[in-house]
Amino acid sequence: MKAKKPFLIEVCGMRDAENIRQLEALDIDMMGFDFRPDSPRYVQMISSLAGIIPDYSIDRYRKQAGKTAGQPEFRRIKRVGVFADDMPQNIITRIYNYELDYVQLQGEESPLMIDNLRRTVDPDIRAGIKIIKCIKVSSVSDFGQCKAYEGHADLLLFDMRREKTKDKETQFDGALLQAYHGETPFLLSGDIGPDDVDGLRMFNHLKCVGINVNKRFEVAPAVKDIVLLKTFVSQVNAGR
């Protein structure tokens with residue numbers, strides 16, 4: 001039997017500098033920064049106080065101020081910016097200041113919006129920028145939304161709605177995802193946690209390339225349990 005390709009691992013909701021430095025040492029592929037103002041994991045910009053000059057991210061601010069000593073560099077892990085129905089100029093500012101590799105769109109963004117954003121950013125601001133479009137999935141009919149994004153989004157993110165029992169959420173079940181027959185590769189999302197390892201290891205879909213994790217690995221908003229993540233990553237990709 002042909003071995004499965006290891007899942008790409010995206011850890012979203014990062015903000016704390018020390019926690020980011022610890023995460024960088026793990027075998028993950030993508031690190032997400034949440035730019036939705038109503039999120040408890042919101043990444044705050046530093047005002048440049050210059051009006052027409054874009055605001056600065058913390059690391060760009062320190063770099064321009066000459067305060068780079070001891071600051072972490074995150075070149076190996078791809079940077080993902082998370083947005084929802086935001087103004088294009090706000091997205092572009094953060095692409096530039098945070099040197100984002102991916103833009104993850106969690107709202108009602110249209111294929112036209114995606115195309116316009118890409119043309120504005122690539123190649124002059126961020127060559128090769130990739131776009132991830134989130135689709136909420138709770139039934140087969142939800143996959144009908146995907147066709148509109150073929151040829152526009154680089155990846156889809158399937159945010160799986162999960163039933164909750166009295167005590168806890170149900171574990172990951174990939175059966176519904178077999179109804180997806182599109183051409184765009186996708187990431188799995190939907191409160192994936194440590195107890196989903198067995199289900200994820202059994203799951204196989206030609207277009208599934210990775211997993212998005214976030215709050216079920218947190219000890220506080222935007223602070224991840226590094227030991228728990230390390231164990232999860234090693235277990236979920238063991239033998240793939």
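Buried means under 20% relative accessible area, exposed over 50%, and partly exposed in between, with a 1.4 Å probe and protein chains only. Helices (H or I, at least four residues) and strands (E, at least two) are DSSP runs, numbered from the N terminus.

The model is predicted: local features need pLDDT of at least 70, side-chain atom pairs count only at pLDDT 80 or more, and totals for chains, interfaces and linings use all residues. Residues are numbered from 1 along each chain as its sequence is written, and side-chain values use heavy atoms, with hydrogens and water left out.

**Exercise 1.** State which residues of strand 6 point each way, and whether they are buried or exposed.

Solution. 
- Step 1: Leu155, Leu157 and Asp159 point one way from strand 6, while Leu156, Phe158 and Met160 point the other way.
- Step 2: All of these residues are buried.
- Step 3: Strand 6 covers residues 155–160, and six of its six residues are buried, so the strand is largely enclosed by the rest of the structure.

**Exercise 2.** Find how strand 6 pairs with strand 5 and with strand 7.

Solution. 
- Step 1: Two strands pair if DSSP finds at least two bridges between them.
- Step 2: Strand 5 (residues 130–137) pairs with strand 6 in the parallel sense over six bridges; Ile135 stands opposite Phe158.
- Step 3: Strand 7 (residues 186–189) runs parallel to strand 6 and is joined to it by four bridges; here Leu157 is opposite Leu187.

**Exercise 3.** Describe how helix 3 lies against helix 4.

Solution. 
- Step 1: Axes are lines fitted to C-alpha atoms, for helices over the stretch in contact, and angles run from 0 to 180 degrees between N-to-C directions.
- Step 2: The axes of helix 3 and helix 4 (residues 111–121) come within 11 Å and cross at roughly 40 degrees.
- Step 3: That angle makes helix 3 oblique to helix 4 (under 35 degrees is roughly parallel, over 145 roughly antiparallel, 65 to 115 roughly perpendicular, and the rest oblique).
- Step 4: Ile91, Ile92 and Ile95 of helix 3 meet Met113, Leu117, Thr120 and Val121 of helix 4, where contact means heavy atoms within 4.5 Å.

**Exercise 4.** Count the disulfides and classify Cys12 and Cys134.

Solution. 
- Step 1: A disulfide is a pair of cysteine sulfur atoms within 2.5 Å.
- Step 2: By this rule there are zero disulfides.
- Step 3: Cys12 has 4% relative accessibility and therefore counts as buried; Cys134, at 5%, is buried too.
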